[in-house]
Amino acid sequence: MDTSVQRNHMIVVGHGRSGTNLALDLLDRHPNTFCRNEPNELIGTAFKDLGDPMFTVGGTDFSRRWQQALATAIFSNGARDRFRTEKVFFRSPMRAHLGQALMSRRKIRSVLLPKQDGATPEEWSASPLFYDHAALRSAYPILKILLAPAWVTLTHTHDKSQKVLHVLRPPEGFVQSWFSRYVIEKGGGPEQVFKDNLPSLQVILEQFERTSDFPNSFSTFNLVVSELWRWRYMNELLIERLCDSSRYMLITYQDLMTERVASAERIFTFAGLQMNDASRHAIEAMQNTLFAKRQSDGLDPVLVSDAIAQVLGESAHYKTLSGAM
């Protein structure tokens, strides 16, 4: 099977809780897009040997290894992917449903697939039982990869077939949503998340020549500051390195939420995709379950404002990062 990736493809990049899921869902409404959701995070991923997506230094063979990982990813499925049965590359809607029913179940995968480091794989080859591989080779691959500024900026210059959709949410809304989701719900609590942030925070502060700001102890304020530095580093690096590229597009969370169809039209045009009536109707009918319920703010707005001032006070991109584009 020819797994060449030298055709137009897109990377959707951003920070978690910024609208990247919604952007991917919009693109997934086109019948010829093959959308992968965070394939680098899966057990058995082809990206596992590429290094840290935030800080990786290229090296002589990084581009080759990236191309190999990308070529594998666009002929694979993962446990976080959606199966939309209207896609042109499925052999039939019935087979699409069957593929989802089988492979979405971890117990079935544990029987069908060999273990990866003792664990059940979360990524597997797109089976010809469900896919027309000739049609899949003609599909438009789209990969959502969070917190990957190093990978994306390293590859963008050399890979003229790559387009980048950068989704940005202003810091106030981002940090409240991040705190509710990644700290309270699934992160192991504030002190654990703070501890997990410290290694990357050290690297980031060194690059900004702000090592004197490294926190000596845990506090909620220091936790928020640590994540805002990660948020600033990722977004600023993407903006600074890619803003002059015609293959880079920045879109805001507000536009995705308030002007969904218009935003989808802009994104489709950027990707070189035609918006047909079926795609438009599907987008109009979308239910945004991720953000349907507004979570109450878990952080003191004054604390958030003070943290933003400390992290972004010297930012040359402050207006863009704050949504005043």
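How many nonpolar, polar and charged residues are in the lining of the largest cavity? The lining has 6 nonpolar, 2 polar and 5 charged residues. Here Ala, Val, Leu, Ile, Met, Phe, Trp, Tyr, Cys and Pro count as nonpolar, Asp, Glu, Lys and Arg as charged, and the others, Gly among them, as polar.

This is a predicted model: local features need pLDDT of at least 70, side-chain atom pairs count only at pLDDT 80 or more, and totals for chains, interfaces and linings use all residues. Residues are numbered from 1 along each chain as its sequence is written, and side-chain values use heavy atoms, without hydrogens and water.

**Cavities**

The structure holds 2 cavities of 30 Å³ or more. A cavity is a set of points on a 1 Å grid over the protein atoms alone where a 1.4 Å probe fits but cannot get out; lining residues have an atom within 4 Å of a point. A volume is the space filled by probe spheres set on the points, which are joined across faces, edges and corners.

| Cavity | Volume |
|---|---|
| Largest | about 100 Å³ |

Asp28, Phe34, Cys35, Arg82 and Phe89 lie nearest the centre of the largest cavity. Strand S2 (residues 33-37) gives the largest share of its lining, 3 residues. Strands (E, at least two residues) and helices (H or I, at least four) are DSSP runs, numbered from the N terminus. Leu24, Asp28, Cys35, Arg36, Asn37, Asp81 and Arg82 line the second largest cavity.

**Helix packing**

H7 (residues 171-185) and H8 (residues 190-207) pack at about 95°, axes 9 Å apart.

Note on methods
Axes are lines fitted to C-alpha atoms, for helices over the stretch in contact, and angles run from 0 to 180 degrees between N-to-C directions. On a 1 Å grid over the protein atoms alone, a cavity is a set of points where a 1.4 Å probe fits but cannot get out, and a pocket is an open set with protein on both sides within 12 Å along at least five of seven lines; lining residues have an atom within 4 Å of a point.
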